Structure formats: structure tokens, C-alpha cells
Amino acid sequence: MNDMVIPTEASGSQPEPIDTQGTTPAFRESAWKLRHITLAGLSWPFEPESHDNTPILMLHGWLDNSLTFVKLAPELTSLGPVYALDFAGHGHSGHRPEGQSYLLMDYVADLAELVERYFQETPDGKINIVGHSLGGIVGALYAAAFPERVQNLVMIDSLGALSRPVKETIPQLRKAIKKRIAGSGKQVVYPDIATAAKAREGGLSPLSPEAALTLIPRNMKPEGDGYVWQTDPRLRHPSPLVMTEDQVLASLAAIDTRVLFVRADQGLLSYRKDLDKRAEAIAHLQIVKVPGGHHCHLDGETGPVVTAIRQFLENE
């Protein structure tokens, strides 16, 4: 693929990932220049015996980055070249200009431009998408809108966009505009990366110390005598418009490719009892349950996730 390689020196001011396994990760930094933003990411070379060389594009979750796939990606290189993207505002990717928000559909538009510019070298021009959480949502919307570009779609602990009742449309808009006017609070300065990682261990989707230390360095930048979040604080602002459930169901029904839903037994969707209609809306859906939490592909025993995704992509 025509990705622009960033020399190591270009990111020398960035904190390096903390290697908790004692090995050097076999990936390289990459960047893709779009019309209005440059997106960064990681790439893993494919093995010569790859069966069809279809690129695998991996999309991370909200407030995460491409390092979330550092365990999963190397296990898929026998299937084709693997690329993990930093969404706009995340990791090493550019931020939206002042006055813009981080709208869900803009992530889909970024992905569409990325594929059109850089991932058209296979005979059929198709890619495989593996998305976690927000990445699964973006991947599903892209697959619905551009079915001719997607060969297979994998969604890890993700099954369609967040939705709100129609009656909440205006209250949601008001909340988003008020936050945009108020702006973000002052950045917290952490004395070191380990302290920042410790802060990330808790929250809505908890991480083990090992997983936090793997993921967090790419989201940080030096500031004075410490580190601050490099992720754009506007990512935490409410969206001005959220899809209704009917819109979500319609988007899932429009997906014509093969889909795998990897459902973690302790993930964010594990408590949801209302996903049957979403699952039924997808024509070619397979579901596999795996042990672990929301980051089942990164945290803890990742073997079941690797096996499920490999088998799905291999057995078309």
C-alpha cells in the first residue's frame, strides 16, 4: 500500500510505548495525508504466503489509539498486510480545526477518503475491516455506505452506533452547543507516563496495569516537566446529533458483507438485552462469545479473540 512512512526521528519527542513483554514490536509508523488532515497509524508487514493479500484495516475505540491492536495485529499478518489507524484527534493523528467537532460521520468520511487514496491496489479494491467499539461503529457505517469496498467486517464489543430517542434531539443539541461555548478544562499534567497510565486503569472500560501501559504512551505528549494528553479534549464534548434506533437498524440492514460480532462476556455490551433486533438486521452475521472485558483483544487472555477473527477471515 502507498502509506507514507514516518522516520523514527520524526516522532522522537513522543513517549515510546512501554514494552511490558521485553520484546521489540515488529511494526512501523505510517501516515496518510488526506485533503484536510493527516492520519497516523501503525503497519505490520504481511507474510509472503498470505493467501490473498487483502489489506486488513484496524479501527480503534473512543479515546484509544492504534496500539490497542498490538497483540491482535501480528497474528493476522499471514492473511495480508495489516494497518491500524489513529482516528482524527487520537494518537499521532492530526486534530480537527478550531470550530469543528468530532462528528461520527466525519470519521466515516475520513475512512472513505483513506481507502480511496491508499487502499486500491488489490484486484477487487476491497479491504477487511476489524473495528473495536467506536471503530466497529465506523466500520459498520462505512460498510453500509460503500459495500463494494469491504470484503469482511469484524466488530469487537460493538454492534452499531449509540442511539437516542427522537424526543432527546433538542436537549442533546443544547447540551453540545453549551459545551462547545464553554470549552474544555485545563489539562492535567502528569509527572510521568506510568502515573497517566494508572489514571487510565479505571473508568467506563477498565484496563489492567499492563494494558494501560501499552496503550497510553501514544496518547501523551511532553509538557514542561511532565506529560499531558495528546488526544484532543474536544473528543469528550457531547455530539450535537445522535442517531435514532431506527436509523441504526437501517444502517445495519444496509450491510451486505460478511460480519463477525465478537461479544465479550464482560464487555460493555454484555448487559445489553436489546441487541437482538440489531443482530437480526444484519444479513450475514456471525456471533462469537469470548471471555474478557471491553478490551478483550488487548487485555488478558487474547487467544480466543485471535482464533475467532482468524477463522472468520480465513473461511469465506
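**Cavities**

I started with the largest cavity, which comes out at about 40 Å³. This is a predicted model, so I keep that in mind throughout. I asked the structure how many cavities of 30 Å³ or more it holds. I got 2.

Which of them has the largest share? I noted α2, with 3 residues. By class, the lining of the second largest cavity splits into 6 nonpolar, 2 polar and no charged.

**Helix α3**

I checked the length of α3, residues 169-182. Its 14 residues should span 20 Å at 1.5 Å a residue, and I find the end C-alpha atoms 20 Å apart, so the two agree. Just past the end of α3, I found Gly183 with a positive phi of about 80°.

**Salt bridges**

I counted 14 salt bridges. As a reminder to myself, side chains of opposite charge can pair when their charged atoms come close. I looked at a few pairs in detail.

Glu113 and Arg117 came up at 2.9 Å, N to O. Both sit in helix α1 (residues 104-118), and because they are 4 residues apart, about one helical turn separates them. Are the two partners buried or exposed? I have Glu113 at 15% relative accessibility, under the 20% cut-off, so Glu113 counts as buried. Arg117, at 41%, counts as partly exposed.

For Glu201 and Lys198 I logged a salt bridge of 3.5 Å, N to O. Here Glu201 is buried, with a relative accessible area of 17%. Lys198 is exposed at 55%, because the cut-off for that class is over 50%.

I then opened the pair Arg234 and Asp232, whose closest N and O atoms are 2.7 Å apart. I read Arg234 at 15% relative accessibility, which counts as buried. Asp232 is buried as well, with a relative accessible area of 5%.

Last, I traced shared partners: salt bridges join Glu29, Asp86 and Arg218 into one network.

Technical notes
Residues are numbered from 1 along each chain as its sequence is written. This is a predicted model: local features need pLDDT of at least 70, side-chain atom pairs count only at pLDDT 80 or more; totals for chains, interfaces and linings use all residues. Side-chain values use heavy atoms; hydrogens and water are left out. Helices (H or I, at least four residues) and strands (E, at least two) are DSSP runs, numbered from the N terminus. The expected span of a helix is 1.5 Å times one less than its number of residues. On a 1 Å grid over the protein atoms alone, a cavity is a set of points where a 1.4 Å probe fits but cannot get out, and a pocket is an open set with protein on both sides within 12 Å along at least five of seven lines; lining residues have an atom within 4 Å of a point. Grid points are joined across faces, edges and corners, and a volume is the space filled by probe spheres set on the points. Ala, Val, Leu, Ile, Met, Phe, Trp, Tyr, Cys and Pro count as nonpolar, Asp, Glu, Lys and Arg as charged, and the others, Gly among them, as polar. A salt bridge is a side-chain nitrogen of Lys or Arg within 4 Å of a carboxyl oxygen of Asp or Glu. Buried means under 20% relative accessible area, exposed over 50%, partly exposed in between (1.4 Å probe, protein chains only).
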